[in-house]
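Here are my notes on this one, jotted down in the order I went through it. Have the model open while you read.

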Amino acid sequence: MPSMDYKERLKNYRLRENLTFQALADKLGVDRKTLWMWRAGRENPSELHMARIMRLGQEDLHACGTPLQPLYTDAGDRNLAQIGYICPVHQVVRLIRGQA
């Protein structure tokens, strides 16, 4: 039986990240109708989707639980480009996919 707090988790994550319903559905790999059915309590997420829901927001944590800080590089012309994240405690870097 799925955890009952998943509906609040979806709502809070969407609002905190300022995502549209469609953007959150895309992030979870479902369509808007499915997401709406979950939020309304008319359907429950599969185990796979429940795992994805429970990991929402954890992308920004290092394994130690420390929030990761954005890591930037100078892209020229005084523009900064984010290339990844860094754990301020352990100085561990996680690059964003597609970045060198």
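1. Going from the N terminus, the elements of the protein chain come in the order α-α-α-α-β-β-β. That is four helices and three strands, taken as DSSP runs numbered from the N terminus (H or I, at least four residues, for helices; E, at least two, for strands).

2. A word on provenance: this is a predicted model, where local features need pLDDT of at least 70, side-chain atom pairs count only at pLDDT 80 or more, and totals for chains, interfaces and linings use all residues. Residues are numbered from 1 along each chain as its sequence is written, and side-chain values use heavy atoms, with hydrogens and water left out.

3. Now the helix pair H1 (residues 6-16) and H4 (residues 47-55): their axes come within 9 Å and cross at roughly 50 degrees. That makes H1 oblique to H4 (the class left over once under 35 degrees is roughly parallel, over 145 roughly antiparallel and 65 to 115 roughly perpendicular). The axes are lines fitted to C-alpha atoms over the stretch in contact, with angles from 0 to 180 degrees between N-to-C directions.

4. Who touches whom? H1 brings Tyr6, Arg9 and Leu10, and H4 brings Met50, Ile53 and Met54, contact meaning heavy atoms within 4.5 Å. By type, the residues of this H1–H4 contact split into five nonpolar, no polar and one charged.

5. For the chain as a whole, 24% of the 100 residues are buried (under 20% relative accessible area, 1.4 Å probe, protein chains only). Of the contacts with a separation of 6 or more, 34% join residues 24 or more positions apart.

Conventions: Nonpolar A, V, L, I, M, F, W, Y, C, P; charged D, E, K, R; others polar. Buried < 20%, exposed > 50% of the residue type's maximum accessible area, 1.4 Å probe, protein only.
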